[in-house]
Amino acid sequence: MRKKVTKAIFPVAGLGTRFLPATKSVPKEIMTLVDRPLVQYAIDEARAAGIKEFIFVTSRGKSALEDYFDHSPMLEHQLKKAGKSALLETLRATNMDSGEIAYLRQHKALGLGHAVWCARRLIANEPFAVILPDDVIAAEKSCLGQMIEAYEETGGNMVAAMEVPPEKASAYGVLDVAEDMGSVVRARGMVEKPEPGTAPSNLAVIGRYVLAPSVLRNLNRMRSGAGGEIQLTDAIAEDIANDVPAYGYRFRGQRFDCGSKAGFLQATVAFALARDDLREELSRYLAEVVQIDKAA
C-alpha cells in the first residue's frame, strides 16, 4: 500500500521583481486576488487535497508571509466586539496551528530544484507535493486533489500538465510523451525550457507536483541545468532513467499565471466575476469599458 501524501513544499523564496515596486516591501505571495493573497489559494488547495504539513521555503524579507498565518488576538477581539462574525470566521480560517507549518530559508537563488532540496530533512522518505503559488488554478475539485487520486493508482512521480502553443513551450518544462492515456500520460523524459522549435511536445509542466523521495536523492548531486540552476525537472528525468515512472496529469480547471502582470489581472477579474457580491457591478463596468473601446 502506498504511503499517503500529507506533506507539501511551497517554494516562495523568489524576489518577485516583475511586480516591483510593490514587492519592495510586500512578498509577492501576499499580493491579493480580490481579497485573498495568492498563498491562501495555494493553502486552501493543499488542505482540500488532504495535506496536513505545510513547508515553506522562504528567503530574507518574507516575514510578512509568516505573520499572515499567525493568530491575531487583538484583531479577532475587535471583530468579535463589533459583532462581525462572518469576518471573524474568515480571519480564523487563515490561521495555522502550531506545528502544522514550517519555514526554511533558501540562502541562494539556485533554482526550483534547490528550493525543494532545502526541505529534504522534513520530507525524509515519504512522497510529497510541491505547489507553486504563482500558478493559481480555479477548479471544482482542487488540482492537487485530482493529482493525488491519480497518483494513488500510478505511483512514481506526477506533474500537472497543460497544452501550450508551440511557440511558448520554451518557457516551460516539457514532457516527452511515451504513452497518452487521456487524462494521464506516461513520460519517457522531460526537457526544461527547450530551445524554440526543439520541444518534444506541447505538453508543459506547471506548478503542481506529486513526487517520490528518490527525487530528493537525485537533487543531492546538485547538478546545474537550464539557466545554470538546479532544475526539478532534471531530477524527475533522472528518476525516469532509473526506472521510476513519471506521469503528466491533464487537470480539470483553469490555470492563471500570476507570476506575470497580465495573468495576475486576468485572475483578479475571473475570481471577482465568480463572486455573487461583485459580479453584477464588475460586469456592468467591464461592459462599459468594452463599449468605450468600440466607440474609440
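Residues are numbered from 1 along each chain as its sequence is written, and side-chain values use heavy atoms, without hydrogens or water. Because the model is predicted, local features need pLDDT of at least 70 and side-chain atom pairs count only at pLDDT 80 or more, while totals for chains, interfaces and linings use all residues.

The protein chain has 11 helices and 13 strands. These are DSSP runs numbered from the N terminus (helices: H or I, at least four residues; strands: E, at least two). The radius of gyration is 20 Å, close to the 19 Å that the globule rule gives for 296 residues, so the chain is as compact as a globular protein of that length. The radius is taken over C-alpha atoms, and the rule is 2.2 Å times the number of residues to the power 0.38. Along the principal axes, the C-alpha atoms fill a box of roughly 60 × 55 × 35 Å.

Of the 296 residues, 46% count as buried. Buried means under 20% relative accessible area, exposed over 50%, and partly exposed in between (1.4 Å probe, protein chains only). Among contacts (heavy atoms within 4.5 Å) between residues at least 6 apart in sequence, 75% join residues at least 24 apart.

Strand β4 spans residues 53-58. Of its 6 residues, 5 are buried, so the strand is largely enclosed by the rest of the structure. Strand β1 (residues 7-11) runs parallel to β4, joined by 5 bridges. Pairing requires at least two DSSP bridges between two strands. In this pair, A8 stands opposite F54. Strand β5 (residues 101-105) also pairs with β4 in the parallel sense, over 5 bridges. Here V57 stands opposite L104.

The count of aromatic pairs comes to 8. Rings of Phe, Tyr and Trp (its six-membered ring) pair if their centres lie within 6.5 Å; planes under 30 degrees apart count as stacked, over 60 as edge-to-face and the rest as tilted. F56 and Y103 form a tilted pair, 5.8 Å centre to centre with 35° between the planes. F56 lies in β4 and Y103 in β5, so the pair ties together parts 47 residues apart in sequence. F56 is buried at 0% relative accessibility, whereas Y103 is partly exposed at 26%. Ring pairs link F10, F54, F56, Y68, F69 and Y103 into a cluster.

Charges also sit over rings (NZ of Lys or CZ of Arg within 6 Å of the ring centre and within 35 degrees of the ring normal). The charged end of R36 lies over the ring of Y41, 4.1 Å from its centre. That of R120 sits over the ring of W117, 3.6 Å from its centre.
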